[in-house]
Structures are given as C-alpha cells and as structure tokens.
Amino acid sequence: MAVSVAQRLSATGTGNALELRGVSRLFGALAALTDITMTVRPGERRAVLGSNGAGKTTLFNCITGDFLPSSGTIRLFGEDVTHFPVHERIRRGLRRTYQISLLFGGLSVLDNIYLACRGVSRGRFSLIRPRRNDALMHSAENLMEAVHLTEARDTKVGELSYGQQRQLEIALALAGAPRFILFDEPAAGLSPTERRELIEILVNLPSHMGYIIIEHDMDVALRVAESVTMMHNGAIFKEGRPEEIEEDPEVQELYLGGGHG
Amino acid sequence: MAVAENPDNAASAGIVSVPATDLPWWDISRIPAAYWVVGVILVILPAFSSNFVLFQIFGWSLILGMIALSLMFLAGYGGMVSLVQMTVAGVAAYMMAIFGTSAIDTISVGWSWWITIPIAIIIAMIFGTVSGALAVRTEGIYTIMITLAIAAAFFYFARQNYVLFNGFSGFNQVLPPHVFGVDWRAPVPFYYLTLFWAALAYLAVLYVSRSPFGLALQGIRDNPRRMAALGFNVTAHRVAAYTFASFIAAVGGILLVWLNGQISPGAVSVGPAIDILVIAVVGGIRHPVGPFIGAIIYVILRTFALDILVSLGLAGERFQLLIGIGFLAIVFWSSDGVLGLWERWRQRAGRRDPLTGEAAGSSGEGG
C-alpha cells in the first residue's frame, strides 16, 4: 500500500498519536478502568499486557468509542475525540481488530475487504456498482494478496477456516490509510506457523503506522512491540521497555510468575 | 480480462471458469435460462390469459410483490423486519386520492397525474424515512413492535380523521389517468404497467445489492458493530435503507390504489401489514424474487381458497385458515420460504444454483 509523503508527515508530525488523560469507565459499581493516563507517540508500537479482567479490551473499546469513558479525555493525533462516534474516529485513521473475529459472514472475502476500503473513503452511500477498474476494488485486491487470502477471493467468509478469518480480521484493519491500529489478541488460537506469519505482517508494517497490541503470548508481544504497558485491575501497573518489564520483579510476581515458569 | 495473470484460470486449459462476479452486471449471458423463460411468459401472458387472470391475479400479485420486495430489501439485506411497508404504500395511495381526483371532490384537490405521483412518492418516502429513523436504533423484536405501532397508529388516524382522510369510508374512484391515448385501468395496459414497475423494482434491488450502499447494508446486517469500526455511520445507513425501500413501497401503493380504484383504512390496517410479512417470509427473503413468489401464492390462495372451501362443503369465510396453514407448513419445512425449499431441491439434484452461481455441493465441501 503506497502511502504518500504528505500522509507520512501528517502522521508523524505534531502531537501524539494517542493521548489518554484520566480515563475511567464504570459498569455500575464496577470500575473496569480507573484513571488511565497514557501517551503513545506516532509510529510507536506498544504491547498491553495484563491478566484477564485487567481492562485491556475495555481500554480498546473506550479508545474506539464503543464505550464512552465515564470520565477523562481521549485525544487522537492532537484532536479531542472523547465524544466522537466510532465511525468518526475510524475516519481519522484509527483502526481496530477484535479478539473474537467480527466479520461479515454472508459476504465474500473480497466484499469484506472492499467494505473496509469503502468505509474510510467517499461514496459509502453510492448506488452505483463498482466497475472492474474501480480504484478501491484494486486496493482491496492488493490487501487481499498481502494477507494471503487471494485463493479464497469469492468464498463466503462464514466458510473460511479459523486461521483465514483471523487473517481477514487483520486485513480489515489495514484498509484505507491507517495511522494507528489497535490489535486485540491477533494471535489467539493461531498455529505456530500462522503466528510467524502474523509477526511478519506486524513487523513489516510501514514505520509511521503505530499500534497497540494486546497479547497474552509474551514471545509475540516482545517481538512486535518497543514499549510495554502492564495493566492490573483496570489501572496501569507499569510502563517501560520490554526488557525492563520482563525483568521487573513485581511484574514477574504478578503476571509471569506461575504461568511462565 | 486478466485471465492470463490468474494461475487458477490459466491452469484449467480450454474451459475458463470465470467467477460470476467477474462478468459485468449487464452481460446478458449471466442471466440463467429459467429467467428468460419466466420473462418471456410474463411478457406474452396477455395473449393467452383472461382479463381476470391478468388484472386480479397477476396485477395484484406484482403489486403485493413490490410492497413485499421493499420489506425483503430491509429484512434480507439490512436485517430489519419492518411492518410499516404496507403503511408506506397506503400513504402513497392516500396522497394520490387527496392530491389527485376521486369521488370525494370536497377533499380531493384534483391535480394532474404528473404532479400528484411525485408528491405521493415523496410524502410516502418522508413517512417511511421518519418511521425508519424511529425504528433503526432498536433491534429484532423491538423493530417489529415500533413499526407495528406506527402502522396501527396510521390506521386509526386515517379512520378517525375526516378532514383529510375521509375517515372510515376513505376514497373511491381513484383511477389511473388516460395517457398516450391508453386507458391504463384496462386489464392489458394495467398488467404491462405493473409488470414494468415490478421488473424495474426487482432489477433495482438486485443491482443495488452489489453496490457500495447495498454491500454496506449487508455488512450492517451481519455485524453492525464492525461496520462502525470500518468508518460507516450505521444509523444513517439504516435510515437510508428505509428511504430506498419506501420508494418501492410507494410505487406499489400507487399501483394498488389504481387496481382497487379506492383506498380506505382497511387497506392499511394491521392485517394487511402482517400479510406483507407473510408474503415475504413465505416466498423467501434471501433473494428479491422471493416476495413475488410469495405474493402469487398468497393471491391464488386469497382468490380460490373460498371456492375450494365451499366446494368441500365448508364455510367460505375460513379462507384465512388455509392461508395460515399454508404459512405454517412452509415456515415449518423451510425457514427460508419457498426459495429455501427450491434451493435445497436444487442441491439434492446436484446442479449449480441459478441465483448465486455457486456449485450446489459447496456447503457439503465446507462442512
């Protein structure tokens, strides 16, 4: 996917890619997120770690706008998007994938990716069918090739294998010109080979494309991220470089301790 | 065609199997033979059928099919079961009577057809869009309840309002105009008029289903949350779907008032609103041809059930029972209506599906 110089400059220019200030989210009396303050630079790749219920996915839902935060502000590339609906944030370059694939089971692979490309461009309401030389259809086909799904072009997504559905899940987040992507456990349930392919895709993303990845597999997380945020009970527990986090005694006790030994 | 670049196609020397989506939509060779047969029969039908069959069976079926088609568009592609489609058609019908000519000349304005028709369609589309805007934030059973409530409210309003809607008796003598020297209420011209608009509506729905708008609607049906996460304004899309469906329902409503020559609250009561749902479900809501199949079954039952019951020595007014049993039987055997039954039969016969072009065994291979 060609990215123009202007797009690179605008992405890496002023402001942080993502800035959360005092973001909290309550579900009734339950505090799913408490006072999250974090800053992600443009192009930065960060892993979010934490046990189940640490609030990682809730954090994603607040950033994309699926939930509005109970308090706090969210800035995307310097713009306050706290009260923006989901689609407005997406049109500003934010993308996300889901822990459990959310795909369009009744449509073909190409149609799924085409919709993703169409969603962030004009003509969403067009009643005119795309022509064969349609530019968006071309970028959809290129993207389909990039995630190795060309063979499944006309297959209905409901009939794809689990691994293929995970690949498609990622393809949908790469459509258009993403500036910042949230990956929610993209490696969950993948075979070792598929994991290697996934790591390759992530590592080879254009350098201006920052992301946050939620990942339980430390080996994957540490290979694809340059900074790590540890979450615990809805709050940020520790932030730092991967090596620091891995060696931190508190972190080891909390997270790596039992399962990793 | 970039056949040479595609290794799959290049490998199969000789017969190049082109996926259905690669041919342009207007390519005539894409149309299956069955469609040609049905099309030709429909066009030459007046040559060998009575006026009764043309007008009361096919005219009525095509009109009900169009109104049910507008529901199929919303339910099949958008996942929104709307019970307000008959009411939208009824609004268009009432507007034809109010702004055009009828026997109630104290109310009817008497404007010419070429101004009345656009007004009727636009008002019906506004009505359908507002109904949709109220309904789209709900899902499933709540959409059905809200649209049913709107339908019931309009029925009671039309029945009780005498200033504009002439209350219980409604309007009669609402007739199509004489244009180009043709009396469009005469059976043969009216048949061709309804056939033309029904075919146009059918093709429009088929065409739009593969447009960005139609694909997005199907995406919203499958997964509204993900559609928002791809940059689509889900609410706006759903409302726009109601607007599009309202246009089809409105055209159906105008033809309906011309067919009956009258419009009264009974035509927009809860019964007919549910009949449209029954027609769409019995026919099948997966493909735009379904509503027309459902409509012709419904009309035939409505027309002949009475005679059959009487000949069997039963009370004629129990024809609703026959329709109900037919509905139950079809839904029981196939949740996809007659279309679903047909598709399963095709699969068993091991042929290619005429609607999607998929090999019939594909689901077997997948599982």
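Predicted model: local features only at pLDDT ≥ 70, side-chain atom pairs only at ≥ 80, totals over all residues.
Helix α8 of chain B covers residues 212–222, and helix α10 of chain B covers residues 234–260. The two pack at an angle of about 115°, and their axes are 10 Å apart. From α8(B), the residues that make the contact are Ala216(B), Leu217(B) and Ile220(B). From α10(B), they are Val234(B), His237(B), Arg238(B) and Ala241(B). Sorted by class, this contact has 5 nonpolar residues, 1 polar and 1 charged.

Helix α4 of chain B, residues 85–99, has an axis that comes within 7 Å of the axis of α10(B), and the two cross at roughly 50°. Because of that angle, α4(B) counts as oblique to α10(B). Here the crossing of α4(B) past α10(B) is right-handed.

Which residues of α4(B) meet α10(B)? Among them are Gln85(B), Val88(B), Ala89(B), Gly90(B), Ala93(B), Met96(B) and Ala97(B). On the α10(B) side, the residues they meet include Ala245(B), Ser246(B), Ala249(B), Gly252(B), Gly253(B), Leu256(B) and Val257(B). By class, the contact of α4(B) with α10(B) has 13 nonpolar and 5 polar residues, and no charged ones.

Next, chain A. Chain A is divided into domain 1, which takes 1–93 and 178–261, and domain 2, which takes 103–176. The C-alpha centres of these two domains lie 25 Å apart. Where they touch, 11 residues of domain 1 of chain A are in contact with 10 residues of domain 2 of chain A. Two elements give two or more residues to the domain 1 side, namely α3 and α7 (192–203) of chain A. By class, that side has 7 nonpolar, 2 polar and 2 charged residues.

On to the sheets of chain A. One is an open sheet of 6 strands, in the order β6-β7-β8-β3-β9-β10, with mixed pairing. Its edge strands are β6 (94–96) and β10 of chain A, and each pairs on one side only. From one strand to the next, the twist averages 20°.

Taking some pairs in that sheet: β7 (residues 180–184) and β8 (residues 210–214) of chain A run parallel, joined by 5 bridges. Asp184(A) has Ile214(A) in β8(A) as its bridge partner. Helix α2(A) packs on this sheet and touches β3, β6, β7, β8 and β9 of chain A. The direction of α2(A) makes about 150° with that of β7(A).

Further along, β3 (residues 45–49) and β9 (residues 227–232) of chain A are also parallel, with 4 bridges between them. Arg46(A) stands opposite Ser227(A) in β9(A). How does β9(A) run relative to β10 of chain A, parallel or antiparallel? Antiparallel, with 5 bridges joining β9(A) to β10(A), residues 235–240. In this pair, Met230(A) has Lys238(A) as its bridge partner. The two strands form a hairpin with 2 residues between them, and Asn233(A) in the turn has a positive phi of about 50°.

There is another open sheet in chain A, with 4 strands in the order β2-β1-β4-β5 and antiparallel pairing. At its edges stand β2 (30–40) and β5 (79–80), each with a single partner strand, so one side of each has no neighbour in the sheet. Strands β1 (residues 18–27) and β4 (residues 71–76) of chain A pair over 5 bridges. Leu18(A) stands opposite Leu76(A) in β4(A). Helix α2 of chain A, residues 56–64, packs on this sheet too, touching β1, β2 and β4 of chain A. Its direction makes about 65° with that of β2(A).

Last, the contact between the chains. It takes 31 residues from chain A and 25 residues from chain B. On the chain A side, α3 (86–91) and α4 (109–119) of chain A each supply at least two residues. Which element of chain A gives the most to that side? That is α4(A), with 6 residues. By class, the side of chain A that touches chain B has 15 nonpolar, 7 polar and 9 charged residues.

Notes:
Residues numbered from 1 in each chain as written. Chains lettered and ligands numbered in written order. Pairing = 2+ DSSP bridges. Contact = placed C-beta atoms within 7 Å. Axes fitted to C-alpha atoms, helices over the stretch in contact; angles between N-to-C directions. Nonpolar A, V, L, I, M, F, W, Y, C, P; charged D, E, K, R; others polar. Domains from an automatic or database assignment. Parallel < 35°, antiparallel > 145°, perpendicular 65-115°, else oblique. Left-handed = near helix turned anticlockwise from the far one by under 90°.
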